[in-house]
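Here are a few notes to read alongside the model.

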Amino acid sequence: MDTSSPLLRVRNLTHAYGNLLACSDISFELHSGEVLGIVGESGSGKTTLLNCLSARLAPTNGIVEYDLRGRGLSDIYALSEPERRLLLRTDWGVVMQNPRDGLRMDVSAGGNVGERLMAVGARHYGAIRQEAEDWLTKVEMDLGRMDDKPKHFSGGMQQRLQIARNLVTKPRLVFMDEPTGGLDVSVQARLLDLLRGLVRELRLSAIIVTHDLAVARLLADRLMVMKDGKVVETGLTDQVLDDPHHPYTQLLVSSVLQV
Amino acid sequence: MTDDKKDAVIRVENLSKAFVLHVQGGARLPVFSNLNLEVAAGESVALYGPSGTGKSTLLRSLYANYKPGSGQVWVRHDDDWVDMAGAAPHRVLEVRRRTVGYVSQFLRVIPRICSRDIVAEPLHALGADLDQARAKAEALLARLNIPEAMWDLAPATFSGGEQQRVNIARGFVADYPVLLLDEPTASLDAGNRAVVMDLIGEAKARGAAIVGIFHDDEVREAVADRVFDLSKERAVA
């Protein structure tokens, strides 16, 4: 097991905005089926790191390698632009914090899901519609809304639609940036439960950025704690939260309000 | 490692643990140092000692929930030995999935998941099909006197004793070679306590190694083959 090849390998990743070091010298591996949570306060570099990992922001330094089907570990920033776009549309999913950034707001809900299937070559209208229906059901959407545009949906519905749109091509790796941010708690609980079930059922690998330790506890197998662009502590989720070692992690854990 | 006792499944070697509380002025609290403990298949060991001697800390270290400062926690995983204190996270998760079960003191409730599925989940994760896992979950819930009407409900609103019984059912649903039990009978009435003692006895009989904290003298005497007294073993003032 220890000798198995990782799905994603990151080495000495650094990203700077001018003089500001947003991520500094980050290295880790993600194995198939693992869910990694990245936690830390606003401005700690979590989203910059996620963007670098998901081929959307070339890092200043360092290498991000992904186990491409049939090719093995490959530097994602050495791929051609079409290859990288294909990867993002097929084997990867990216769930944005704001559904407006991840959905086409003027295309119907069914179209948002079907579009990704068409991008990977599906052509039969009936089959595409059936697959879209299946996915909308999986994310607990009312099929009566299938032909409505997401700009008329609530935030929770938009987020569930974004998840369906990303998972319909059966990606192996999904990146999520604060997937429950901005939703009220009851909607959040439903979405978390849905995500947790899908991750297990589809044996997805995922990297989830969140500042909410309860979300991290529920979804992630292991955690990276970031502060000022550096990873200050890593480990199994329950280990990091129940026995934090770094002063910053201890502060973070002790600052959570009990209800 | 010497292999003098072939049936050992847990080997704790020179294990030390201290907590450093950075948010409280860097106070250092030593819990134990240089612990050694070996547990064989089919053997049950009770961790013993007054409050604060490190019983829970040791139990949690065996599950890699706590990270010891030094030493090793070897667990036999199929034909390998894995050091829970030093192995990579995905390796530890694999050991937890197949080899080591843990019954915590309190159930961690998952919103919207019904008690039947909370219990069935570890068995399903081991590859059993969902119907089979649910059937076994129902049998255990029935044995622990959780009424059938509650199987479809999420346990958030259950009483403390009911939640604890759901937790115990979850811990016993898969036939783990190693079981760690943190006061499994603490909030149970006499009838349910007897059921849990039977479950522990059956696990031992099929060859599981058990390490537990049992505050109830009667339970401890009934299920433990020997006692590991932390007030003597911990070697810190």
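Predicted model: local features only at pLDDT ≥ 70, side-chain atom pairs only at ≥ 80, totals over all residues.

1. Which residues of α7(A) are buried? They are Q188(A), L191(A), L192(A), D193(A), L194(A), L195(A), R196(A), L198(A) and V199(A).

2. As for its geometry, α7 of chain A runs over residues 185–201, 17 residues in total. From first C-alpha to last it reaches 24 Å, close to the 24 Å expected at 1.5 Å a residue. Just after the helix, R203(A) has a positive phi of about 50°.

3. Now for the interface. Here 27 residues of chain A are in contact with 25 residues of chain B. The area buried between the two chains is about 2,400 Å², with carbon and sulfur atoms giving 51% of it.

4. E140(A), for instance, forms a salt bridge with R112(B), and their closest N and O atoms are 3.3 Å apart. The chains also share 13 residue pairs in polar contact.

5. Which elements of chain A give two or more residues to the side that touches chain B? They are α7, α8, β10 (230–236), α9 (237–242) and α10 (247–254). The largest share, five residues, comes from α7(A). By type, the residues on this side of chain A divide into 14 charged, seven polar and six nonpolar.

Note on methods. Residues numbered from 1 in each chain as written. Chains lettered and ligands numbered in written order. Heavy atoms only, no water. Helix = DSSP H or I, 4+ residues; strand = E, 2+ residues; numbered from the N terminus. Expected span 1.5 Å × (residues − 1). Buried < 20%, exposed > 50% of the residue type's maximum accessible area, 1.4 Å probe, protein only. Contact = heavy atoms within 4.5 Å. Buried area = accessible area lost by both parts, 1.4 Å probe. Salt bridge = Lys/Arg side-chain N within 4 Å of Asp/Glu carboxyl O. Polar contact = N/O pair within 3.5 Å; in protein donor to acceptor, adjacent residues only side chain to side chain. Nonpolar A, V, L, I, M, F, W, Y, C, P; charged D, E, K, R; others polar.
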